[in-house]
Amino acid sequence: MTGFSKVAVYRQDLPPRGGYSPIPWARLPSRRIPLWPFVSLWLASNIFGYFYHISEKREYWRSEMEMDESRSCIEPVLLAEQDRIVLRQYRANRDEETKLMNDVPSWEVGTWFGEKVFKSRTFFPDRPHVLDYYGVARPSTQRLDINASQWQI
């Protein structure tokens with residue numbers, strides 16, 4: 001024999017004695033959660049948020065007014081400093097022109113081929129022309145100054 005001499009005994013799977021318990025199929029309503037705690041929490045947070053917003057807005061405008069006053073106080077100083085820088089650059093341009101055109105006998109510094117550029121001595125442009133300002137400067141200086149202007153107030 002090949003070792004399969006014993007026959008397997010199978011046992012039928014039957015329900016337990018007394019049967020299965022009944023299957024609950026009836027609809028069970030869910031437990032109702034009261035709405036008033038959520039509404040009261042929402043209402044309280046809105047009231048708190050409103051008054052907090054009002055106080056923050058008041059503080060924001062107070063600091064904004066202070067900054068505006070500070071800017072208006074410092075503006076003449078900044079404008080004077082900017083004018084001083086422009087005049088210093090004009091002076092450097094004029095000195096450079098004197099040094100460059102030293103060999104030309106009929107060259108007069110500050111004129112355009114002997115003609116005055118401005119008719120009066122009191123005229124000063126609000127914003128200098130780029131070629132006047134950077135006339136004898138290197139292009140890298142011009143790029144640095146233009147990039148530095150975005151950091152001004």
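**Exercise 1. Characterise the salt bridge between R84 and E81, and the related pairs of helix 1.**

*Solution.* R84 and E81 form a salt bridge in which the closest N and O atoms are 2.7 Å apart. The term requires a side-chain nitrogen of Lys or Arg within 4 Å of a carboxyl oxygen of Asp or Glu. The coordinates are those of a predicted model, in which local features need pLDDT of at least 70 and side-chain atom pairs count only at pLDDT 80 or more, while totals for chains, interfaces and linings use all residues. Residues are numbered from 1 along each chain as its sequence is written, and side-chain values use heavy atoms, with hydrogens and water left out.

Step 1: Helices are DSSP runs of H or I with at least four residues, strands are runs of E with at least two, and both are numbered from the N terminus.

Step 2: The classes are buried (under 20% relative accessible area), exposed (over 50%) and partly exposed (in between), with a 1.4 Å probe and protein chains only.

Step 3: examine further pairs. By the salt-bridge rule the count comes to four. Among them is E59 with R62, whose closest N and O atoms are 2.8 Å apart. E59 and R62 are three residues apart in helix 1, so about one helical turn separates them. E59 is partly exposed because its relative accessibility is 41%, and R62 is partly exposed at 45%. Another is R71 with D68, at 3.3 Å between the closest N and O atoms. R71 and D68 are likewise separated by about one helical turn, because they are three residues apart in helix 1. R71 has 38% relative accessibility and counts as partly exposed; D68 has 43% and counts as partly exposed.

Step 4: recall the general principle. Side chains of opposite charge can pair when their charged atoms come close.

**Exercise 2. Describe the aromatic pairs that involve F48, Y52, Y50 and F51.**

*Solution.* Step 1: apply the criterion. Rings of Phe, Tyr and Trp (its six-membered ring) pair if their centres lie within 6.5 Å; planes under 30 degrees apart count as stacked, over 60 as edge-to-face and the rest as tilted. The count by this rule is three aromatic pairs.

Step 1: classify F48 and Y52. Their ring centres are 6.0 Å apart and the planes meet at 20°, so this pair is stacked. F48 and Y52 lie in helix 1, four residues apart, about one turn of the helix. F48 counts as exposed because its relative accessibility is 59%, whereas Y52, at 46%, counts as partly exposed.

Step 2: classify Y50 and F51. This aromatic pair is edge-to-face, with 5.4 Å centre to centre and 75° between the planes. F51 has a relative accessible area of 56% and is therefore exposed.

**Exercise 3. Relate the nonpolar surface patch to the UniProt annotation.**

*Solution.* Step 1: identify the patch. W42, L43, I47, Y50 and F51 make a nonpolar surface patch of about 600 Å². Such a patch joins nonpolar side chains (Val, Leu, Ile, Met, Phe, Trp, Tyr) within 5 Å, taken from residues with over 30% relative accessible area and no salt bridge; like charges are joined within 9 Å. Areas come from the Shrake-Rupley method with a 1.4 Å probe, and for residues only the protein chains shown count as cover.

Step 1: inspect one member. I47 lies in helix 1 (residues 36-100), and its 44% relative accessibility makes it partly exposed.

Step 2: consult the record. An unreviewed UniProt entry places a "transmembrane region" at residues 33-52; UniProt positions follow the numbering used here, feature names are shortened, and annotations may be inferred rather than shown by experiment. The end C-alpha atoms of residues 33-52 lie 30 Å apart, and the span is 85% helix and 0% strand.
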